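This report covers a protein chain and its metal site. The structure comes first, then the account.

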Amino acid sequence: MDTRENLMAAFEGECKAHFKYLAFARIAEKEGHREIARLFRAVAEAEAIHAMTHLEVLGEAGNTEQNLLSAIDGETYEFTQMYPAFIEQSEKEANTRATISFRNASEVEKVHNGLYNNALENLGKNKDTEYHVCEICGNTVAGNAPDKCPVCGASIDKFRIIKD
Ligand code: FE2
Ligand code: FE2
Ligand code: FE2
């Protein structure tokens, strides 16, 4: 593999490590290991920095307009092609938990696509919109959190505000 391919492989590996550690932190938290949860989150943060640096060196991140277009492409692919195929396959295998996980993600990618399109239309206007994310399904809401998540039904206390 040449260095470009290695950068891409390293980016993907660091991304996986980042999210694996965040998932491990969530479990450690539930099991009462607060210190270990914090360690997993600290290392997850470091892996994210490695991933972002590799991506920047690759030149895969452009200016904000290009990045919004790239994000719209990615989200559109996920909710129009990738997740529908994955949902169908999981239904064939009667893997209900996978179907729910794919369905929730697919619904939310559609929401992301809308938010990014809206951001693109309003590029340069810097409105002071707040965002809330559902900790259960990832639903992403502009403005106040809803009483009940329209994607997964979680209550308002499951929404986390995104800070600068
Ligand atoms: Fe790393
Ligand atoms: Fe998304
Ligand atoms: Fe949700």
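## Charge, fold and iron site

The 18 positive and 27 negative charges of the protein chain have mean positions 7 Å apart. Lys and Arg count as positive, Asp and Glu as negative; His and the chain ends are left out. This is a predicted model, with local features needing pLDDT of at least 70 and side-chain atom pairs pLDDT 80 or more, while totals for chains, interfaces and linings use all residues. Residues are numbered from 1 along each chain as its sequence is written, and side-chain values use heavy atoms, without hydrogens and water.

The protein chain has four helices and three strands, in the order α-α-α-α-β-β-β. Both are DSSP runs: helices (H or I) of at least four residues, strands (E) of at least two. Of its 164 residues, 25% are buried, meaning under 20% relative accessible area with a 1.4 Å probe, protein chains only.

The iron ion (ligand 2) has protein donors 2.0 to 2.4 Å away: Glu75 (OE), Glu75 (OE), Glu109 (OE) and His112 (ND1). Donors are N, O and S atoms within 2.8 Å of the metal (3.2 Å for Na, K and Ca); water is not among the atoms, so sites may look incomplete. Glu75 in helix α3 (residues 64–92) and Glu109 in helix α4 (residues 96–121) are 34 residues apart and link distant parts of the chain.

| Residue | Relative accessible area |
|---|---|
| Glu75 | 12%, buried |
| Glu109 | 10%, buried |

Terms used: Chains lettered and ligands numbered in written order. Buried < 20%, exposed > 50% of the residue type's maximum accessible area, 1.4 Å probe, protein only. Charge placed at Lys NZ, Arg CZ, Asp CG, Glu CD.
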